[in-house]
Amino acid sequence: MMELLKQLQKKRKIIKVIFLITFIFFNYTSFLYAKVFSRILTIEGTFIQGGLLFGKTKPNSKIFFNDKKIFVNNEGDFLLGISRDEKKENLLIVNNENKVEKYNINILSRKYKIQKIDGLPKNKVTPNQEELKRIKKESKLISKYKNLFLDKTFYKSGFVWPVEGKVTGKYGDQRILNGKPRRPHFGIDIVASLGSKIISPSDAIVAFTFENTFFNGKMIILNHGLGLNSIYSHLNKIYVKKGDKLKRGDLLAEVGSTGRATGPHLHWGMNVFNTAVDPEKLIQNQPKF
Ligand SMILES: [Zn+2]
């Protein structure tokens with residue numbers, strides 16, 4: 001009798017532990033992924049630093065994320081780019097027909113690695129005065145094309161890898177180039193052989209192509225709508241021109257090592273306007289509406 005009771009207690013304990021694990025798991029995943037906040041607010045995506053969030057609200061609503069006004073299209077779609085160092089607690093305000101609702105958006109923090117790269121030409125790490133002038137001019141132009149607004153939702157076609165290869169540089173890596181600390185890595189590096197074909201990862205319009213920039217070499221900026229853009233750097237050859245309309249999978253360029261590079265690879269960056277997000281997180285968690 002006692003033996004039976006003991007066994008029963010043991011079983012109960014196991015069931016309790018299983019229940020607890022399931023409970024924690026579902027809470028963790030719901031923290032990370034889709035969230036229905038209310039009748040007028042749903043947000044999909046990865047709630048993590050470097051994550052891209054897809055929002056849905058009533059078409060005539062106004063959205064503010066940490067006091068910043070966010071564009072909402074006629075269908076109620078909007079995008080939130082979560083920066084590399086975004087804080088844990090964020091405030092989202094929905095203003096719908098003069099009714100104001102406030103939501104706390106929790107963002108998970110990440111740990112970034114330190115990446116050391118040696119063997120770069122000295123001027124690509126410590127440019128001279130003339131080169132600094134050129135860099136300033138180019139970054140202004142790049143910023144201009146990243147900030148172009150387009151009231152389209154091309155990104156809804158989903159995302160694939162632009163080229164196959166090993167990811168050697170992750171999003172957010174702290175970088176030490178030729179022994180000197182430099183700004184973090186705001187994209188991912190995919191190693192592939194010289195001339196490998198790069199495709200458009202999603203539907204897009206070509207915002208701009210650059211034939212020769214100091215750091216990025218030959219470079220393309222694509223616009224996927226509602227502020228989302230992507231960049232492709234160190235290219236060997238470019239097959240598209242400004243204004244071209246692309247479908248997911250269309251030929252874009254060839255892998256090269258132009259600009260600041262130690263060998264052939266694609267630097268792939270994704271941004272919501274100027275806020276860099278992690279392309280790998282976007283591939284893992286695709287837009288659902
Ligand atoms: Zn890179």
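1. Welcome to this chain, which splits into domain 1 (33-106) and domain 2 (114-284), with bounds taken from an automatic or database domain assignment. The model is a predicted one, where local features need pLDDT of at least 70 and side-chain atom pairs count only at pLDDT 80 or more, while totals for chains, interfaces and linings use all residues. Residues are numbered from 1 along each chain as its sequence is written.

2. The C-alpha centres of the two domains are 27 Å apart. Their contact draws 14 residues from domain 1 and 16 residues from domain 2, two residues being in contact if their C-beta atoms, placed from the backbone, lie within 7 Å. On the domain 1 side, strand 6 (residues 77-81) gives the most, with four residues; strands are DSSP runs of E, at least two residues long, numbered from the N terminus.

3. Next, the largest nonpolar core. It has 54 residues, and those touching the most other members are Leu-79, Ile-198, Ile-220, Ile-221, Tyr-232, Leu-266 and Val-277. Such a core is a set of buried Ala, Val, Leu, Ile, Met, Phe, Trp, Tyr and Cys residues joined through C-beta atoms within 7 Å, where buried means 20 or more other C-beta atoms within 10 Å of a residue's own. Strand 15 (residues 204-213) supplies the largest share of this core, five residues. Both domain 1 (33-106) and domain 2 (114-284) contribute residues, so this core lies between them.

4. Have a look at Val-277 too: leaving aside residues up to four places away in sequence, Val-277 touches several others, including Gly-50, Leu-52, Ile-82 and Met-270.

Key
A residue is buried if 20 or more other C-beta atoms lie within 10 Å of its own, exposed if 12 or fewer, and partly exposed in between; C-beta atoms are placed from the backbone.
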